[in-house]
Amino acid sequence: MASATFLSTLSLANKNYLLLTPTHACAKGYTNNFRVSNLPSIVVRKEGSVRSQGFVAMQEKGGSTLSDDSRTKTPHVLTVAGSDSGAGAGIQADLKACAARGVYCSTVITALTAQNTVGVQGASNVPEDFVAQQLKSVLSDMQVDVVKTGMLPSVGIVKTLCRTLREYPVHALVVDPVMVSTSGDVLAGPSILSTFREELLPMADIITPNLKEASALLNGMQLETVDDMRSAARLLHNMGPKNVLVKGGDLPDSSDAVDILYNGHNFYELRSPRIRTRNTHGTGCSLASSIAAEVAKGYPMLSAVKVAKRFVETALDYSKEIVIGNGPQGPFDHLLRLKSHSQDCHRQQPFDPSDLFLYAVTDSRMNKRWGRSIVDAVKAAIDGGATIIQLREKDAETKDFLESAKACLRICRLHGVPLLINDRVDVAIACDADGVHVGQSDMPACVARTLLGPEKIIGVSCKTPEQAEQAWVDGADYIGCGGVYPTNTKENNITVGLNGLKTVCMASKLPVVAIGGIGVSNARAVMEIRTPNLKGVAVVSALFDRECVQTETRKLHDVLLGSNIGST
Ligand SMILES: Nc1ncnc2c1ncn2[C@@H]1O[C@H](COP(=O)(O)OP(=O)(O)O)[C@@H](O)[C@H]1O
Ligand SMILES: Cc1ncc(COP(=O)(O)O)c(N)n1
Ligand SMILES: [Mg+2]
């Protein structure tokens, strides 16, 4: 054993544990120098209290119980809450919030509700001992960092939870003392209040009551102003939680959404603009889960609350017009994706390799020389028969590039022609282009894929079979192979010739578009190498360094049709 890695050993309940400092436990080299055994360990917190983290114990390399060398800790939130059949609040909101915030979320269900955007039509509690069984299943096996609670509908369930948490302590406890849904339906009655006050609140690292819940916990105290919220936060803090967040979503006459955080020393007034929307069902659940997610990642409470509030605000703003259900309070979209899909009737089509047939690549210098805007150039190329457009704007300022890209995208979508951005993954994301084309020295395609997601089109410039193989491994959709012939648009570019093109095409698992010095006079020769995955030609000067882009595109289109590549 390496003595520098842990403080000492400890025996508890006839089991041996290693004591690790938090620094040791979190150090990046944790798994490099040591191998992992199945013994549990305990992390000593700075303030001296000892809480099990569920970390696995360390043994020096070469020890006898060696197993996986590369385990890293995934931040993990366990939500203990009720199911909402409409999936706007409760367990379903918690899962979505945790997914959006990038942590793992396990679930212990305390109640089933029959619920929609109108209200709660029914509720059925899960038997206490089955709640206990779910808790034990998760906590005895998985390394939970933070437990977040929502609907706890009976005294027995609250007591079961407190008892289990004493048996399986976790790093932090986030309590959303859910009592009444925003629709006004009771989710946990007043009989719960004394158990909340006496048992659960003192264990909490933070509690997040809304105005009604804060008032109920304080025997009906009236809460109508931000000052009232501060007083409530102080009184609730006296009940034992480390932090109190009184949420002001329902504060009357407030143009801002104001929450008060109190940690026993300082008050923080957290304000954001109030979003005008009906889609606020589940904001409380999502806020508490997002706080739990940030704490599970290791952030201090104030940062966790600020990030969580900004997340809810961003999602509400994004979702303000989505329509789900007919009731007064709809759910919002945690993953910020539903709006574009529901509203954009000219949305991106799936990638089709035949789109590579006549691939037009713009060039800002050529457009300037001929006195046309990039938008006019793209329009003319599409009118001439271009089947895919790539914007290659090496000189443009980012702001101008983005504006042009948005304008070009509108035209391309109207005509069902995909629009790709050269190099600039950031611009592609910002304008929601159909994809990117990257070179060997640009952002690697695998990183672009992570940033862009699975549907976007990614092309990679390749000169060799090895590069083509790597593009496939990295998740690209096609490769551009060239320069086939010498060209002025790329200085010092090594040409691969028709033989090089053929070699790459034979090796490539991806469809190929040929590029470099190709135009009306030689396109036919290129296509006549006749390998099945050569799908078309990409062209810059032959279209854009000419007086009439549309005429040149049409000529090239006719040549390509004549070479009859569609049938190969
Ligand atoms: N219309 C809104 N615009 C922006 N933020 C809001 C809005 N409504 C609620 N929030 C925020 O959402 C979180 C949940 O608050 P609240 O709605 O009061 O809780 P609950 O959902 O438990 O009733 C708080 O951070 C609050 O400030
Ligand atoms: C199962 C369940 N848990 C919690 C809430 C509170 O959510 P909100 O106050 O945002 O309506 C709810 N409506 N349903
Ligand atoms: Mg609410």
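**A loop and the domain around it**

Author: Arg-530 counts as partly exposed, because its relative accessibility is 42%; buried means under 20% relative accessible area, exposed over 50%, and partly exposed in between, with a 1.4 Å probe and protein chains only. This is a predicted model, in which local features need pLDDT of at least 70, side-chain atom pairs count only at pLDDT 80 or more, and totals for chains, interfaces and linings use all residues; side-chain values use heavy atoms, with hydrogens and water left out. Residues are numbered from 1 along each chain as its sequence is written, while chains are lettered from A and ligands numbered from 1 in the order in which they are written.

Arg-530 sits in the loop that runs from helix H19 (523–527) to strand S21 (534–539); helices (H or I, at least four residues) and strands (E, at least two) are DSSP runs numbered from the N terminus. Its phi is near 50°, a positive value in a residue other than glycine. Most residues other than glycine have a negative phi, and most peptide bonds are trans. A cis peptide bond joins Gly-482 to Gly-483, with omega near -5°. Gly-483 belongs to the loop between strand S19 (478–482) and H18.

Another loop, between helix H18 (497–507) and strand S20 (512–515), holds Pro-511. With a relative accessible area of 14%, Pro-511 is buried. Contact means heavy atoms within 4.5 Å; neighbours within four places in sequence aside, the contacts of Pro-511 include Phe-351, Pro-353, Leu-356, Tyr-478, Asn-533 and Lys-535. Pro-511 and Ala-476 are 35 residues apart along the chain, and their C-alpha atoms are separated by 10.0 Å.

The next topic is the nonpolar packing. A nonpolar core is a set of buried Ala, Val, Leu, Ile, Met, Phe, Trp, Tyr and Cys residues joined through side-chain atoms within 4.5 Å. The largest one has 75 residues, and those touching the most other members are Tyr-359, Ile-389, Leu-391, Ile-421, Leu-501, Val-526 and Leu-534. A second, separate core has 45 residues, among them Leu-78, Val-147, Leu-165 and Val-246.

Helix H13 (residues 374–384) and helix H21 (residues 549–562) have axes that come within 7 Å and cross at roughly 35°; axes are lines fitted to C-alpha atoms, for helices over the stretch in contact, and angles run from 0 to 180 degrees between N-to-C directions. H13 contributes Ala-377, Ala-380, Ala-381, Asp-383 and Gly-384 to the contact, and H21 contributes Val-549, Gln-550, Thr-553, Arg-554 and His-557. These residues of H13 and H21 divide into four nonpolar, four polar and two charged; Ala, Val, Leu, Ile, Met, Phe, Trp, Tyr, Cys and Pro count as nonpolar, Asp, Glu, Lys and Arg as charged, and the others, Gly among them, as polar.

As for the whole chain, the protein is divided into domain 1 (3–60), domain 2 (76–338) and domain 3 (353–567), with bounds from an automatic or database domain assignment. The C-alpha centres of domain 2 and domain 3 are 50 Å apart. The protein has 21 helices and 21 strands, and 51% of its 568 residues count as buried.
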